[in-house]
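Here is a short tour of some charged side-chain pairs. Have the structure open as you read along.

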Amino acid sequence: MKFIISLLLLLSFSVAIAQERHTISGYVKDGSNGEELIGVNIFIKELGTGTITNHYGFYSLTLPPGTYNLIFSYVGYQNHPYEVNLNSNLELNRELQADATLLQDIVVIGEKEDEDVNVQGTRMSVNDLNIEQIKKLPSLFGEPDIIKNVQMQPGVVSVGEGTSGYFVRGGTPDQNLILIDEAPIFDPSHFFGLFSVFNADVIKDSELYKGGIPSRYGGRLSSILDIRTKDGNNKRFSGSGGLGLLASRLMLEGPIKKDESSFLVSGRRSYIDLFLKGNEDVSKVFFYDVNTKVNWKVNNKNRFFLSTYFGRDVQQFNDDGAFAWGNKTATLRWNHLFNDRIFSNTSLIFSRFDYGLEIFDEIEGLEWTAGITQVSLKEDFSYFINPENEFTFGYEGTYRRFTPGKIVPNSDNSIFKRTELEKSFALDHAFYLGNKQAITPLLTFEYGIRYSIFQNVGPSTVYTYEDPQDNVNINRIDSTNYGSLETIKTFQNLEPRFSARYLLNNTSSLKASYNRMVQNVHLLSNSVVSLPFNTWGPSSPFIDPQKSDQYAVGYFRNLQNNKYELSAEVYYKHLFDITAFADNANVFFNQDLDVELRKGEGRSYGLELYGRKNKGALTGFVSYTLSKAESKIPGINLGQTFPASHDRRHNLSVNASYEINNRITLGSNFVYGTGRPFTLPVGRYEIENYNLNFYTGRNQYQLPDFHRLDVSVNIRPKKNIGKKFETSWTIAVYNAYNRKNPFTIYTRKRQNKDGDIIGDGSELEARLVYLFPILPSVTYNIRF
C-alpha cells in the first residue's frame, strides 16, 4: 500500500509539472452549522465542466493556469459564485447559506444554475432521498421514516403493510445492504416494521443504489442504501425533537471547540407500553434507539469521526413469554489528505445484530438466543487526476461470527436440554479499482472491478451426508474437524462494473450500466415477511455465493431549468446460485440445516418511469414500475419455474408536498401495488391418522391489490423575533379512506359463524389478515 501511495504522489507531481497545472481543493460546508455537504456541484463556467464533493465534503480540481469562474450550488442553498486567478495550488474552502425563500426559485442570470446530476451525471438507477422533504410528508404515527420513502421509489416493492422490508428489482430483503455511517444494519425494523431504526433528525444524506453500483460497494445482490448521519453543529449549541402519540425523540448537538470539534447525541423511545397498563395479555412493548457522534478536526489534512448506534425492541406477554432484538454499530473514521489531489478514508467498523426469545413455563420453559457479529477494516482512496478523471481504489477486510441459535432451559423441570447449534466463522476480503472518465464532452464512462475473496473458516465440524439432497432420511456418513481460522472453503469472484452516459443535449441524455454482484452471507428464512427471528449463515461447502448480473439502459431529461426531472429505465437481472428451503423443510433449530437448502436461479426484468418536480410551492414525485420476477430451483415446485414471492406486476407511488404559505404545508402519499403471490393448500390427506396439507404448486395464488392514501398538514406558528425556539405541529392521517389491505393469509379448519368447526375438520378455509385501519396522529416538533 505504501508503494502505491508513493507511486501516486510521484505521478501527481510529474503530471503537474509536465502539463503546468494547478489544483483547487477544499471542503464545502453549511454556513449555519459547519456540516460538510455531500454532492455539492462545483461548476467551471469557462470549461463547461466541474466536479462534486465526495461523502466527506471534499473536492479537487486540477486545471491549467488561468482565470476561472466557479459556481458552488446545492439543492436548498443559495448559489455561490467565486472568481479564481489560478497560478498556484489553492485551498478554497466554502460555506453555503441556506435558501431563505420558500416559494420562489433563485435564478442567477447568465450562469448555469447547477451541474444537473440527473442528465449530466453518469449515475443511473440511483435515488437521492432528501430527508427534509420526507419530513413534510405523512408518516405512520407521525414518525418520519426514510425506509417508507425507499419503498416508494421506482423498482422497489414493499414486503407488506407496516413493514420495513423491501424488494429491489426482483431481489429479496436480505439482498439489500443497509449502511449507517458505513456500518451494516441487519434488521432495520422497530416494532415488527411499524417504525424503522433510523431517526430522521440525525440523517444528513442518503442514497439508494439499485444498479450501476460503484466498485467500492459489495456484499449484496440487489441494492445499497447508504445513510450518513450529521457530524454535529460546530458553531453553536442546538437541538430538535418531537412528541408523538406513540414515540418521542430528542437530538442535541454543539461544538466541543468551535469550528474544530463537535458532538451529536440523539435518543428515541416509544411508550406503547404506557397504553397497555392493566392489559392482561401484554406487559411490555417498547423500543428505543440512541445515536451518538463526535468529530475532531486536527488540521486541514486530518479529521477523526466516531459514531455509534444502539437500538432495541422488547416485548413481553405477562407470564407467557418475551422476545427482544436489536442492532449495535460503531464506526471510527480517519480522513487524511496526502496532498490536494489524494484523499483517503480509513474506517474501523463494528456491527452486531442479535435476538432472543424466552418462554415462561415450568415444563416448556426456555431461552433462545442467536445473532451475527462482524468487524471490518476499510481503506478508501480517491485520486483526483483532473476534471476528466477521478480514480478510486481500496480494500475492505471483514471477520464475521454467525451464532445460529442457543437454547437454555429456564426452569428445573423444563423438557428442553441446553443445546447450541454450531457457530460459523468467515473472513471476507475485497479489493477494488474504479475510474470516472470523460472521454469527450458528450461521452463519460465510469468503470471498475471488485475482487472478492471469501473464506469459510473454523472452528467447525463439517459433516458428509449420504445424500445431501435427502431432507427426509438424513444420514451422516463422515465428519471433518477444522481448527480456529483454518480454511474450510474459499470462494473467489471478480465483479466488473460499468456505466456510461451520452449527452444528447444540455437537457437530455442516454445512460447504460452493467454490474456483477456477489453475496457471501445468506438469510436462512422461509418467510416472505421479514421477521427479526431469522438466521444468517455464510457461504460454505453446502452454500455457494449468490451472484447476479444486471443490465440497464435509460433516458433522462430535465425541463424548465431543472425544475422537472424525468427518467425511463429498463433493466434485466439474472440471479444464480440463489438459495431457498426445500418443500416441507424443517427450519427450526435444525442441526442438519444444510440438507434443507436448495439452490437455483432467478430472473427479473422491468420498466421504471419516474418524474420529479423540484421547485415551487408544489414539489414531489411520481414513480411507476412494471416488472416480473420468477425463480427456478431444483427440488422446489417439482423443478418448475414459479413466480417469486415478491412478483408484483404493477407498482405506482405518488408523493406530493404543497406549501400554502410559509406557515402551512400539505403533504400526501398514494401507493398502489398488485397483490403478491402466495401458496395455499388445495386439499388434505391422511397418513397414519395425521391430516396433512396437499399443495399443487408454489406461489400459484395472488393476494388482492394493495392501495392506500395518506395525508398530512404541517403548521408552523408565526415567527416571533427573539424567540429561541421554533415549533410546529404535524397532523397526519394514515390510510385516509380506511382501505383493508391484506397483510398475509393463512388457512384453518372451516368454521361456522359461531366459531365451531364444520364436519370432521377436513375442509379448510383461507383467512386474510389486515393490519391498519384509518390512523390519525399528531406530533409536536421543536427546534432550538
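Is Asp 354 buried or exposed? Asp 354 is buried, at a relative accessible area of 10%. Keep in mind that this is a predicted model. In it, the salt bridges number 41, and three of them are picked out below.

**Asp 354 and Lys 328**
- These two side chains form a salt bridge, with N and O 3.6 Å apart.
- Because Asp 354 sits in strand E24 (residues 342-359) and Lys 328 in strand E23 (residues 321-339), the pair ties together parts that are 26 residues apart in sequence.
- While Asp 354 is buried, Lys 328 is partly exposed, with 31% relative accessibility.

**Lys 293 and Asp 181**
- A salt bridge joins Lys 293 to Asp 181, and their closest N and O atoms lie 3.8 Å apart.
- This pair connects distant parts of the chain, 112 residues apart: Lys 293 belongs to strand E21 (residues 284-299), and Asp 181 to the loop between strand E12 (176-180) and strand E13 (183-184).
- Lys 293 is buried at 2% relative accessibility, and Asp 181 is buried too, at 4% relative accessible area.

- Arg 268 meets Asp 289 in a salt bridge with an N to O distance of 2.7 Å.
- Here, too, distant parts of the chain are linked: Arg 268 is in strand E20 (residues 261-270) and Asp 289 in strand E21, 21 residues apart.
- Arg 268 is buried, with a relative accessible area of 3%, and Asp 289 is buried with 0%.
- Through salt bridges with shared partners, Arg 268 and Asp 289 belong to one network with Glu 132, Lys 135, Glu 143, Asp 201 and Arg 249.

Methods. Residues are numbered from 1 along each chain as its sequence is written. This is a predicted model: local features need pLDDT of at least 70, side-chain atom pairs count only at pLDDT 80 or more; totals for chains, interfaces and linings use all residues. Side-chain values use heavy atoms; hydrogens and water are left out. A salt bridge is a side-chain nitrogen of Lys or Arg within 4 Å of a carboxyl oxygen of Asp or Glu. Helices (H or I, at least four residues) and strands (E, at least two) are DSSP runs, numbered from the N terminus. Buried means under 20% relative accessible area, exposed over 50%, partly exposed in between (1.4 Å probe, protein chains only).
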